[in-house]
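Reader: I would like to go through this model with you and ask what stands behind each label. Could we take it term by term?
Author: Gladly; here it is.

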2 protein chains.
Amino acid sequence: MTLPSPFWSDDATTLYQGDSLRILQTLPTASVDAVVTDPPYSSGGMTTGARQAQTSTKYVLTGTKVQRPEFCGDNRDQRSFTLWASLWLAECLRVTRPGGVLLSFIAWRQLPSMTDAVQVGGWIWRGIVPWDKTEGVRPQMGFFRAQCEYIITATHGPMGNQGRTRRICMPGCFRESVHSREKLHITGKPVELMKRLLDILPAGSVVLDPFAGSGTTLVAARANGMHSIGVEMSDEYCAIARDRLAGSPRHVDSPASA
Amino acid sequence: MTLPSPFWSDDATTLYQGDSLRILQTLPTASVDAVVTDPPYSSGGMTTGARQAQTSTKYVLTGTKVQRPEFCGDNRDQRSFTLWASLWLAECLRVTRPGGVLLSFIAWRQLPSMTDAVQVGGWIWRGIVPWDKTEGVRPQMGFFRAQCEYIITATHGPMGNQGRTRRICMPGCFRESVHSREKLHITGKPVELMKRLLDILPAGSVVLDPFAGSGTTLVAARANGMHSIGVEMSDEYCAIARDRLAGSPRHVDSPASA
DNA sequence: CCCTTCTATGAATCGTGCT
DNA sequence: CAGCACGATTCATAGAAGG
C-alpha cells in the first residue's frame, strides 16, 4: 500500500487528511513509539436524535456565543463505538513498536467500553489516569461535579524501557484547568497537559495521533522535541492544525531542528 | 424474615456480623438513604495462584512488618466478581429508598466490571469520582503511578432531592492522602475522606455499609450526625469497629444525641 | 382511547477566569 | 473589583408515536 501524500509536513511533523482507519493502514509496522489521542466520544448518544445533532451545537449550552467548526465521527451508539474503537486501536497496535505506549482520552460514560476496545485491539491495559479539570466545570446541583476526564494507558506487549532507563516517575493524576481561549476545537485539550503527558517519552520519539483535531498533540510533541504524525478527517481542522504548527516554536534541543 | 440480633448497636449505629447478602435480605425495603461502601476488590486476580494467596500478605510490600487480620471475599475471578457484586447491589437497591444514592469504592482494574454490576443491579450509574491518594503511593518506574482509586456513583431511579434543596455542590475529585497509622483495615479509607463524601447527605440520614471492615463509614456517619447500619463478616473486624465506634465522639447536632 | 415509551426542546447551574 | 461569558450535560416537560 502506498503512503498518501500529506496535507502538510515539515521535518518534525506530518499531517494527513482523511479517514483514520484508511490512513493508518498505509503506515509501516512498528514505526511509532506512542499513540496519543483524543477520539470522538459519542457521548451525547442517549437518543438517536441527540447523536445526530450537530457537534457545534450539541456540546454548547443555550446562550453560548462562541462558534467552532463541526467535527465528525461523534454519532455512534455504545456497541458501534466499541467495535469502531477496537478497529482503529488494532491498527494503531501494528503501527506501534513492541513496548510502545497508548494514551487515549475518554469521558466517564464511555470508559468501560473503551477499556474493552483497548484490550480487544490487542493492547495490554495498564491503568487509568484522571485529568482533573478543576472546579471551573459546570456544577451539578445536589450531586458530584463531572469534573474529570480519563486517560487510558496501555502498552504493546511487555513494558518497554521508554522511561525505566531514564528513571522517570509520572504522576497518576493531572490537575489542569481548561482555558476556553486556548480551545480551537470544541473538545480541545490544554497544550500544557499534553506536554506533561508526553514527558513519559524521551525527546526524539515518534508520536502518532489518529484524531488530531486542532493539532494539540502535534504542537505539544514538537515543543517536547519529538516527531509526530497526525491524521484528521476535517479539512477545516487540518487547516487550523497546520496554521498552529507553522506558527508554533520548535523545541531548542530537538533533533529535528539540528 | 426476622432481623438478626446485632453484633453491637447504640442509638445511632447498628453493626451486624455475618454474610452481607443474608443480612441485607432481612433489612426492610426503602429503609436507608444511601449505601456507602468499599467492597472486596478481588484485584489480584490475574492468576488463580495470586487469588489464593492470603489477603494479609497480598497487599503488603516484601519486608513490611505490619500484620492485619485476614479478610474474606477477595478471591473471585472477574466474571464471578461481577455476578456477586450485582447480587448484593440489587439487594442494596431494594433496601434504599427511591432517589437514594450509592457510593462504592473500586480500584482501576475492576472499574468496568463494577459499573456493569451496578447497572445489572438496577442502579442508574451517574459517574465516577476519583480519589487521588497523592504522591505518597508507591511510584512505578517509567510509567504512571497507580495513585487513584475510584468512587462509582449511582442513584435509585431519578435523583432525589438530597442536595437539590440544600443547594450543595459536591466536588468531582477528592485529593486526600492515606495515613497508614490511621489504617486499621488493610484497605482502610481516611475518615476525613468519608466525612467529605457523606456531605452529600443531610444530617439525620441513614447510611448502609454492607462491607463495614474496620467501620470507617460508620465512624464518619456518626461524626456527621447520621444514622448508620454496617455489616461485616469477620469477627475480628467487627470487634475493631465496635471499639472505634464506642470510643469515637458523636456529632454535637446529631438527632441521635438529642 | 388510555397508557406507556420514545423524542425533541429549552432551562438551568456556580466557580473560575477574562475583560 | 464588579460583571460577564463559559462549560465533551442533565433534568423536566410537553408532544408524538405505538399498542
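Predicted model: local features only at pLDDT ≥ 70, side-chain atom pairs only at ≥ 80, totals over all residues.

Reader: What makes B:Arg97 and B:Asp33 a salt bridge?
Author: Their closest N and O atoms are 2.7 Å apart, and the cut-off is 4 Å, so the pair qualifies. B:Arg97 sits in strand β4 (residues 96-106) of chain B and B:Asp33 in strand β3 (residues 32-37) of chain B, so this pair links distant parts of the chain, 64 residues apart. Strands are DSSP runs of E, at least two residues long, and helices are runs of H or I, at least four, both numbered from the N terminus.

Reader: Why is B:Asp33 called buried, and why is B:Arg97 called partly exposed?
Author: Buried means under 20% relative accessible area, exposed means over 50%, and partly exposed lies in between (1.4 Å probe, protein chains only). B:Asp33 has 17%, so it counts as buried. B:Arg97 has 23%, so it counts as partly exposed.

Reader: Which residue forms a salt bridge with B:Glu149?
Author: That is B:Lys133, with the closest N and O atoms 3.0 Å apart. B:Glu149 belongs to strand β6 (residues 148-155) of chain B, and B:Lys133 to the loop between β5 (124-132) and β6 of chain B, 16 residues away. Both B:Glu149 and B:Lys133 are buried. In chain A, salt bridges that share partners join A:Asp38, A:Lys133, A:Glu149 and A:Lys189 into one network.

Reader: Why does A:Ser113 count as buried?
Author: Its relative accessibility is 6%, so A:Ser113 falls in the buried class. A:Ser113 lies in helix α5 of chain A. Leaving aside residues up to four places away in sequence, A:Ser113 touches A:Gln78, A:Phe81 and A:Thr82, where contact means heavy atoms within 4.5 Å.

Reader: What makes helix α7 of chain B mostly covered?
Author: Seven of its eight residues, 216-223, are buried. Among them are B:Thr216, B:Leu218 and B:Arg222. After α7(B) comes B:Gly225, whose phi is positive, near 75°.

Reader: How do you know how much area is buried between chain A and chain B?
Author: Buried area is the accessible area (1.4 Å probe) that two parts lose on being put together, summed over both. Between chain A and chain B that comes to about 3400 Å², with carbon and sulfur atoms giving 72%. In chain A, A:Met141, A:Phe143 and A:Phe144 lose the most area to chain B, together 23% of what that side buries. Contact involves 40 residues of chain A and 40 residues of chain B.

Reader: What are the counts of salt bridges and of residue pairs in polar contact between chain A and chain B?
Author: Zero salt bridges, and nine residue pairs in polar contact, both residues being at pLDDT 80 or more. A polar contact is a pair of N or O atoms within 3.5 Å; within protein, one must be able to donate a hydrogen and the other to accept it, and residues adjacent in sequence count only if both atoms are side-chain atoms. Strand β5(A) gives the largest share of the side of chain A that touches chain B, seven residues.

Reader: What makes A:Arg181 a polar contact of DNA strand C?
Author: An N or O atom in the side chain of A:Arg181 is 3.2 Å from a phosphate oxygen of DNA strand C, and the limit is 3.5 Å, so this pair qualifies.

Reader: Which contacts does DNA strand D have with A:Arg68 and A:Lys189?
Author: An N or O atom in the side chain of A:Arg68 is 3.0 Å from a phosphate oxygen of DNA strand D. A polar side-chain atom of A:Lys189 lies 3.3 Å from a base nitrogen of DNA strand D.

Technical notes:
Residues numbered from 1 in each chain as written. Chains lettered and ligands numbered in written order. Heavy atoms only, no water. Salt bridge = Lys/Arg side-chain N within 4 Å of Asp/Glu carboxyl O.
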